[in-house]
Amino acid sequence: MNTASAFDKPRILRIFTGLVYLFLFVPIAVVVVFSFNSQKSLQVMDGLSFRWYEEFWNDPALRDSLFISIEIALITMVVATIVGTALAIGLVRAHSGASRGANVLMLVPLITPEIVAGISALLIFSQLGIGLSFWTVVLAHITFSISYVTIVVRGRLASIGVEVEEAAQDLGASRWESVRLVLFPALWPAVVAAGLLVFALSFDDFVLSFFTTGEESQPLPVRIWSMIRFGVSPTINAIGTLMMVVSISAVALAVLIPRLFGRRESGVKVLTGAEE
Amino acid sequence: MSDLELNRRQLLAAGAGLALTAYGVSGCTVERPLDRSAAGDIVEPKIDGDLLIYNWAQYMDPQIQKDFAEEHGIRVTEVNFDNLEAMVTKLRAGGAYDLIFPSSEYVKRLKNEQLIRQFDRSKLPNAATLSPFYDNPWYDPDSEFSLPYAYYTTGIAYRTDQGLTMTESWNDLSNPDAEGRIFMLDDFQEGIGQANLINGFYLNTARTEELEVSKETLLMQKEGLRGFSTNSVQTLVSGSAAITQAWNGDVVNARNQVDDPSIFAYETCKEGVPVGTDAMSIPITAKSPGTALMFMDYLLKPSNAYRNVMWNGYPQPVAGGREAFAKLVKDDPSIDVNLEEIADSSMEFRLEDPEARQEWTRIWTEVKA
Amino acid sequence: MDPDLDRGQGLNQSRFWNWFVAPGALWIGLLFAVPLFLVLALSFGHVDDFGRGVYGFEWSNYEAVFDSTYVPVLVRSVTYALITVILCLLIGYPVAYFIARFGGKYRYVLIAALVIPFFVNYLVRTYAWVALLADEGLVNNWLIDLSLTDAPIQMINTPYAVIGGLVYGYIIFMILPLYGSIERMDPSVIEAGKDLYGSPFRTFIHVTLPATQPGILAGCVLVFLPAVGDFVSAQLLGGPDTYMVGNLIQDQFFAASNWPFGSALTVVMMLFLAIWMIFYLRRATRGEADVL
């Protein structure tokens with residue numbers, strides 16, 4: 001008997017899964033659909049219009065916040081990817097006790113609630129006399145993102161194996177050369193995937209930004225928080241839809257790039273760590 | 001096991017380092033010292049950059065900000081707080097706002113901490129029509145650090161279309177008809193204050209036994225609450241609130257936003273009516289203090305004061321504002337407040353003793369938990 | 001021994017790789033671990049007359065944390081988080097199972113589709129629920145139109161709404177690890193189990209569940225830990241009786257201006273969570289749980 005084929009789906013499971021998908025998508029549908037509502041109401045859909053997108057674009061503070069969020073995410077992506085990839089390579093290849101300690105250190109941010117990360121960031125910036133600003137948000141985001149990169153890249157490293165590098169060294173390459181000329185080319189799709197994942201995470205982040213932001217250049221989610229707290233506005237739906245498009249694009253790229261560049265497995269596998 | 005053994009050793013070493021550091025820094029405050037050098041300088045009215053306003057939500061007509069921005073070719077942004085303590089915290093953390101809106105008591109506190117800037121009122125032409133009471137208020141002698149923005153009473157706003165029996169008492173906040181749809185202001189002074197008044201205590205009492213009694217009152221009231229919120233306009237307009245503790249202007253603002261204004265009403269309570277003044281000041285961290293000062297003057301212009309009052313419903317003690325408010329009071333006398341009541345100030349929130357204030361915030365945290 | 005053929009022994013090898021590890025480890029150490037110690041240090045402090053935090057050596061904050069007023073908040077947070085985990089597991093497992101075992105060639109599309117809602121910002125998603133569940137929201141309007149009820153049912157500002165918000169916010173962190181774990185399972189083991197145990201149900205209990213235990217553990221941890229510290233759900237969907245430790249902590253830092261007390265609360269919460277973290281990390285390094 002071979003594996004269950006597509007014809008063998010138990011009814012109940014299928015219906016249940018469908019319901020869950022419905023549950024997950026209904027609020028999203030509400031957000032997207034009402035972002036095109038021509039009226040202010042959040043209950044009655046009354047004709048299509050782009051007015052909330054225009055309101056968003058015409059509000060300089062909101063527009064700024066969008067660009068600030070993108071900038072923060074880009075910088076975070078670049079730095080966290082470099083540092084995190086190096087960390088992943090080092091952790092997998094080294095066998096020292098210090099690297100085991102570093103391994104645990106790397107895992108801690110992943111399972112720490114963001115509020116704790118936010119508070120500790122706030123404290124250290126206050127203590128060092130660094131005023132809260134665009135850069136404090138960037139620093140906090142990078143700190144939290146390094147671990148994600150390391151996890152994703154490490155998964156890929158595990159399946160690459162040392163043999164090719166060792167072969168290169170046999171042929172006379174130095175360790176650094178073998179890393180640069182052999183490992184990196186094999187690794188880079190995972191690196192790019194991890195980077196784009198970090199971009200999406202940073203772009204969407206709220207709690208960490210909330211604790212570390214200044215008041216002038218606030219990332220978009222922090223502005224949304226103020227808008228929700230202080231008033232009801234359908235513009236939020238437009239913003240939410242826009243942000244969703246940006247995030248999805250980033251992750252779609254993250255999934256497609258490994259596939260486009262000749263890897264047999266899909267990017268989803270790279271990201272979720274499932275085996276081939 | 002060995003993976004984590006190393007971790008433990010590292011942890012121990014770190015802990016020892018921490019102990020030494022803690023001993024070294026004990027007594028140090030966690031905040032960075034602000035640059036207070038500007039505190040003594042007098043601000044001159046001139047445009048020196050974009051304007052960043054830090055204010056309560058829905059407290060200023062946005063059109064006024066837009067007009068000012070257009071007239072001077074600068075950008076005006078408003079950021080909101082919903083809590084005066086939060087405002088002070090952000091300020092102390094170095095928040096570079098240009099214009100803030102503290103209440104009278106907070107002006108005095110910020111002045112004592114040298115967190116707001118001094119200016120010369122006579123340089124502002126529109127300040128001449130301010131009510132004389134504000135030439136020398138108790139919280140800012142000679143009015144060098146603040147100008148009044150609005151004054152207010154605290155009462156209860158409610159829906160008239162839901163058959164509620166209201167008794168003009170603070171006990172209406174536990175009205176059984178509206179159970180589960182009542183809001184209390186998320187402000188430790190307003191919350192504890194009304195409980196104090198119900199129990200016949202002095203509004204600003206610092207006595208622990210009295211505060212504990214008020215705490216019990218609050219816990220009892222909390223049972224019927226739907227939430228704590230200073231955004232009364234929002235909770236009223238969205239329909240979440242049938243009854244809410246509110247400031248008088250909010251009922252006018254809420255009425256402006258619905259099709260049928262008569263569904264909202266406001267009452268003041270016989271046990272006592274807290275009053276107060278909200279002022280505007282320029283923090284020492286301001287990047288454009290000159291612009292802020294010019295904006296203050298702009299707000300006091302009679303035509304702007306008029307439309308601002310019509311928009312947010314609060315009396316402003318300046319020409320134009322007085323006229324607009326008189327009009328609003330004619331339609332609804334319940335929102336009235338006059339300056340004699342403000343001058344009296346026994347019904348104004350004044351917690352000047354830091355220990356009393358900490359006692360109050362502690363009680364409030366316990367109530368909300 | 002020829003040094004070039006030296007693979008993995010000797011200090012030379014480690015030193016080279018340590019250069020790779022150093023930047024990341026230093027960054028996380030300095031900007032994450034050290035600040036955590038600052039929080040710990042401040043928790044022993046007090047507040048000065050101006051409301052600023054001062055370092056010190058007192059236990060008063062911890063005494064306050066375990067005061068009868070605040071313990072219910074801690075208990076409530078843990079309770080909500082536990083219920084959230086259970087709900088996520090009950091909802092997520094069947095879905096993950098279905099996609100992994102019966103998705104066929106649509107597996108990746110299904111997983112991708114599942115993840116899409118989570119690219120709408122958490123705040124906006126939660127806000128959508130507020131719009132849906134409000135007294136005058138879509139669901140109530142719909143119920144009234146269908147004559148299922150006369151007056152609006154209060155759905156938001158309740159504990160149910162908060163837990164619902166938490167489930168909605170974190171369920172993806174349960175489904176993905178579960179999916180990975182189930183997918184990795186060899187299907188022939190299930191077939192063998194069916195032969196052995198007879199009923200699908202017993203096969204599930206005795207074969208499938210234990211085999212997917214690493215995924216279950218990872219999912220539970222990834223949901224439980226952030227849920228305990230969440231404050232967004234309680235703030236937007238909750239009422240005065242749903243105050244969670246995250247809200248309490250946030251208040252201490254922004255509203256009540258009592259950073260030492262807030263730090264003490266944070267430390268207590270972290271210690272509680274650390275127990276689970278260490279439990280998980282041990283399992284992870286021993287290979288019994290999915291290494292993230």
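Predicted model: local features only at pLDDT ≥ 70, side-chain atom pairs only at ≥ 80, totals over all residues.

Colleague: Moving on to chain A against chain C, which helix of chain A gives the largest share of the side that touches chain C?

Modeller: That contact involves 80 residues of chain A and 74 residues of chain C. The chain A side divides into 52 nonpolar, 19 polar and nine charged residues. Its largest share, eleven residues, is from residues 11-35 of chain A, helix α1.

Colleague: At roughly what angle do the axes of α1(A) and α3(C) cross?

Modeller: Two packed helices are described by the distance between their axes and the angle between them. Here α1(A) passes α3(C), residues 71-102 of chain C, in a left-handed crossing. Leu13(A), Arg14(A), Phe16(A), Thr17(A) and Val20(A) meet Ile91(C), Pro94(C), Val95(C) and Phe98(C) there. The axes come within 9 Å, and the angle is roughly 115°.

Colleague: Which element supplies the largest share of the largest nonpolar core?

Modeller: That core has 177 residues, and Leu87(A), Ala194(A), Leu197(A), Ala96(C) and Val223(C) touch the most other members. At least three residues come from each of domain 1 and domain 2 of chain A. The largest share, 15 residues, belongs to α3(C).

Colleague: And what does Ala194(A) contact, leaving aside its neighbours within four places in sequence?

Modeller: Ala194(A) is among the residues that touch the most other members of that core. With those sequence neighbours set aside, its contacts are Thr81(A), Gly84(A), Tyr148(A), Val149(A), Val152(A) and Val153(A).

Colleague: Last one: is Arg283(C) buried, exposed or partly exposed?

Modeller: Arg283(C) sits in helix α14 (residues 259-285) of chain C. Its C-alpha atom is 8.6 Å from that of Pro214(C), which is 69 residues away along the chain. Buried takes 20 or more other C-beta atoms within 10 Å, and exposed takes 12 or fewer. Arg283(C) has 18, so the call is partly exposed.

Note on methods. Residues numbered from 1 in each chain as written. Chains lettered and ligands numbered in written order. Contact = placed C-beta atoms within 7 Å. Helix = DSSP H or I, 4+ residues; strand = E, 2+ residues; numbered from the N terminus. Nonpolar A, V, L, I, M, F, W, Y, C, P; charged D, E, K, R; others polar. Axes fitted to C-alpha atoms, helices over the stretch in contact; angles between N-to-C directions. Left-handed = near helix turned anticlockwise from the far one by under 90°. Core = buried A, V, L, I, M, F, W, Y, C linked by C-beta atoms within 7 Å. Domains from an automatic or database assignment.
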